[in-house]
Amino acid sequence: MKGKSYTLTAKKIVNAAGPWVDSLCEKDQSLSGKRLHLTKGVHLVVPYDRLPLRQAVYFDVADKRMIFAIPRNRSTYIGTTDTKYQRDGAEI
């Protein structure tokens, strides 16, 4: 209920705040060490029989990222490495 306080105890706590994780950790003064680095990328998933790779392949492109294709189970994942996302996390 709004305006009331409760005391909870737990052996483990999972912070599932997504792009707001660092902001939440600042509020409870637990922000230290690693920080969240927001990124964006585009990845395609195609049926394995359309691109039947035996192992992952990749190559570098002019903007210093890489393009890759990775076989996994009955699919092949195709994409690029992510780029830095500098907008508000609420816009993700």
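D82 lies in the loop between β5 and β6 (83–84); helices (H or I, at least four residues) and strands (E, at least two) are DSSP runs, numbered from the N terminus. The structure is a predicted model, in which local features need pLDDT of at least 70 and side-chain atom pairs count only at pLDDT 80 or more, while totals for chains, interfaces and linings use all residues. Residues are numbered from 1 along each chain as its sequence is written, and side-chain values use heavy atoms, with hydrogens and water left out.

The relative accessible area of D82 is 37%, so this residue is partly exposed (buried means under 20% relative accessible area, exposed over 50%, and partly exposed in between, with a 1.4 Å probe and protein chains only). Not counting residues up to four places away in sequence, D82 touches T39, K40, G41, H43 and R65, where contact means heavy atoms within 4.5 Å. Along the chain, D82 and R35 are 47 residues apart, and their C-alpha atoms are separated by 17 Å.

Turning to the strands, β3 (residues 57–60) and β4 (residues 66–72) run antiparallel and are joined by four bridges; two strands pair if DSSP finds at least two bridges between them. Within this pairing, Y58 has F68 of β4 as its bridge partner. Five residues separate β3 from β4 in a hairpin, and K64 in the turn has a positive phi of about 75°.

On β4 there is a further antiparallel pairing, with β5 (residues 75–80), over six bridges. One of the bridge partners is T76 in β5, which faces P71 in this pairing. The hairpin of β4 and β5 has two residues between the strands, and N73 in the turn has a positive phi of about 55°.

Strand β5 also holds Y77, which is partly exposed, with a relative accessible area of 33%. Together, V45, I70 and Y77 make a nonpolar surface patch of about 240 Å².

Terms used. Patches are made of residues with over 30% relative accessible area and no salt bridge: like charges are joined within 9 Å, nonpolar side chains (Val, Leu, Ile, Met, Phe, Trp, Tyr) within 5 Å. Accessible areas come from the Shrake-Rupley method with a 1.4 Å probe; for residues, only the protein chains shown count as cover. A salt bridge is a side-chain nitrogen of Lys or Arg within 4 Å of a carboxyl oxygen of Asp or Glu.
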